[in-house]
Amino acid sequence: MEIKDSGSVVLTAYHSYTPSRIPIIEQSFVPEISSSHSPISRKSLPQCRRINRMLSNESLRPPMFSRSNSQASVDSTSMEDFWCEVESIKENSEQGQEEQTLLEVKPADEGELEAEWLQDVGLSTLISGAEEEDGQALLSTLTRTQAAAVQRRYNTYTQTMRKKNKHSVRDVRDIFGVNDSSPTFETVPVSPVPSNGIQLPGQKPVWKSVSSNSCLDCGLDKDSPSVTEELSYEVSFSESITVVPKNRERQNNQRFKKDASALPNFIVRKSQFGLTEVGDLSLEDMKKIRNLSLIELTAFYDALGIELKRNRTERIKGRENGLFGVPLTILLENDQKKVPGIKVPLIFQKLLLKLEETGLEMEGILRVPGSASRVKNLRQEIEIKFNEDTFDWDQVRNNDAAGLLKMFIRELPNPLFTVEYLPAFITLVEKVSKVKLQLQALHLLIMLLPDANRDTAKAFLQFLKKIVANEGKNKMNLWNVSMIVAPNVFIYKGKHANQEEMHAAATTAHIVRLLIKYQDILWTVPSFLISQVRKMNEATMNNTKRQMIFDKGVRRLLRRKTMERERPERSETHIPEGVIRVYAPLHSKVSMAIQLNSQTKARDILARFHCENSHASSKNTEVQIQRLYEIGGNIGLHCLDPDAYMLDVYRANPQAEWVIKPKSS
């Protein structure tokens, strides 16, 4: 399989200032604009340039607060699109749009933040003192750096609680089972393990020969002179950091280069287990992936010597009905009544489709704004007519559709990239210049996104990639698109923005650039996390078996089940080593026993079923889009990569069932 291509900080959702202390954009950064609602005119463009000169010219009198390194990292002309977009947003906000109601949140102290962190990673049992299987299973899978990260946070929590004298807390040594003054976890080995599998006793990781379709190649321009680097999913990112980058502080004269070729291209080699996308796992296993991702992200920051702070969000009361300003979960709940299984809100899909059909080749798409008054009227009409399918989309101009799309994103009650830890990514980009490390941190942050946000963000980034692919006609390169999208996704909220947000303009644009260019990598679940999920599930099953042994009633039931298995009619369940039985309920031949060898791939099994059922011509198309699933054993549900080597997958999970069925879109 070959995929040709592959933050962001949601600063707007995380303020350490009270509303009265937040500076106002129009006073500090954006001069008054004309009342005209037409697209940016010749008169307004020089105004944007003056803003950039004011913010970047060192000879001028400094602004009311000093610029950050990020703000100084690009020249004034490269930031022109950004500030023009901020001005356009301001104009739209002045057309009478309602501001959302902020719900104040009490600031948290260090102990409360650490307690929330332990709850977020699924280790609330360390706080409550309860003995739960899930927490024990999670602790048993941690690597050395992950265990150290958990231990450090728990130590901070216990010390803070003791100072407050709130209640007695468990000593860290009681949890970790050690007597010395430096408690440690029992961690899993840090040697590489097979992708999506478990290191088997006495077995070394095996890499198959790599052909042109055996890697994920993430880069927009195949002919660019960019350096190509290889990413490994075999070992956790935090364990792979052996030397902390010496030059962590970004120099004032170090700039973000606008040219896309300045970014390296990355490839992810497929091992015998192939690659796994975020939608290929069960919801329960993805929950475990999120817990592990947060632990790994924390360990990753610890390894780099950067503090990872959890920021409290400003809760925003969204609307409970309508289309704009409504939480994604509510939109999806309503849309799924019409289209079961839908993952992206229908209104968002329609806006993307409108622009893809008629706007991809339009010069200045996204950059040239539509009429603010016309966009406002269209929004009101859509709110009334969209659900009744009576809205006339032919009347919508491309620039207005782009304005509606950006408005939808800006007015989400919770930002599209809503993870509380995203603001810390700004710090990493400022201190670590190596793109590979930035990408690894961003990858873990994407794993933390809720399903609705992740699926909607994926659709949006795929659309942005199509815009960049048409650069020759629409004159929108990767940097231009990033400049326009950044203030809509990460910075602007209502009519105000804090000092950090305005200073981080160039950094947020750089993060959007990473999201667009490397998106195919970001939707892939790192294999070391899947390996840990397998270990968690195995530990949980073993704990369950041990508990069942002590239950007399269960023992009697097991004896009856054993006797039933020994009956002649059950002899069919015995399958020789290396042979799997594959079920295909939608085929005319619903099951088949297949002997595996070292070269058997998932695609070979799919092809065999297709061949056996080729006489059923009416089902040919249906069979082609079906995939082989691994179900049960040490995984909930796993849609296998067609290039996965089945003997290796079987050995990693011999108790699994194998089913061919359509992949959910």
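Helix H9 is mostly covered, with 17 of its 22 residues buried. Buried here means under 20% relative accessible area, exposed means over 50%, and partly exposed lies in between, using a 1.4 Å probe and protein chains only. Helices (H or I, at least four residues) and strands (E, at least two) are DSSP runs, numbered from the N terminus.

Before I go on, this is a predicted model, in which local features need pLDDT of at least 70 and side-chain atom pairs count only at pLDDT 80 or more, while totals for chains, interfaces and linings use all residues. Residues are numbered from 1 along each chain as its sequence is written, and side-chain values use heavy atoms, with hydrogens and water left out.

Back to H9, residues 283-304. The expected span of a helix is 1.5 Å times one less than its number of residues. Just after H9 comes Gly305, with a positive phi of about 75 degrees.

Next, the charged pairs. Side chains of opposite charge can pair when their charged atoms come close. I count a salt bridge when a side-chain nitrogen of Lys or Arg is within 4 Å of a carboxyl oxygen of Asp or Glu. The whole structure has 20 salt bridges.

One of them joins Glu381 and Lys385, at 3.1 Å from N to O. Why are these two about one helical turn apart? Because they are four residues apart in helix H12, residues 372-385. An α-helix has 3.6 residues a turn, so residues three or four places apart point the same way. Glu381 is partly exposed at 22% relative accessibility, and Lys385 is partly exposed at 30%.

Asp520 and Lys465 form another salt bridge, at 3.5 Å from N to O. This pair links distant parts of the chain: Asp520 is in helix H21 (residues 519-522) and Lys465 is in helix H16 (residues 451-469), 55 residues apart. Are they buried or exposed? Asp520 counts as buried at 15%, and Lys465 is buried at 19%.

Glu630 and Arg534 also meet in a salt bridge, at 2.8 Å from N to O. Here too the pair links distant parts of the chain, with Glu630 in strand E9 (residues 626-632) and Arg534 in helix H22 (residues 527-549), 96 residues apart. Both residues, Glu630 and Arg534, are buried. There is also a network of salt bridges, which links Lys270, Lys601, Arg603, Asp641 and Asp643.

On to strand E5, residues 265-269. Four of its five residues are buried, so E5 is largely enclosed by the rest of the structure. E5 runs parallel to strand E4 (residues 228-231), and four bridges join the two; two strands pair if DSSP finds at least two bridges between them. Glu230 stands opposite Ile267 in E5.

Now the aromatic rings. A pair of aromatic rings is described by the distance of the centres and the angle of the planes. Rings of Phe, Tyr and Trp (its six-membered ring) pair if their centres lie within 6.5 Å; planes under 30 degrees apart are stacked, over 60 edge-to-face, and the rest tilted. The structure holds nine aromatic pairs. Among them, Phe266 and Tyr518 are edge-to-face, at 5.3 Å centre to centre and 65 degrees between the planes. Phe266 belongs to strand E5, and Tyr518 to the loop between helix H20 (505-517) and H21, 252 residues apart. Phe266 and Tyr518 are both buried.

Phe348 and Phe408 form a tilted pair, at 5.3 Å and 40 degrees. Phe348 lies in helix H11 (residues 346-358) and Phe408 in helix H13 (residues 398-410), so the pair ties together parts 60 residues apart in sequence. Phe348 is buried at 0% relative accessibility, and Phe408 is buried at 1%. Ring pairs link Phe324, Phe348, Phe408 and Phe460 into a cluster.

Last, the sheet. Five strands form an open sheet of mixed pairing, in the order E8-E7-E11-E9-E10. Strands E8 (591-595) and E10 (635-639) stand at the edges with a single partner strand each, so one side of each is left without a neighbour in the sheet. Within the sheet, strand E7 (residues 579-583) and strand E11 (residues 657-662) pair in the parallel sense over two bridges. Val582 stands opposite Trp658 in E11.
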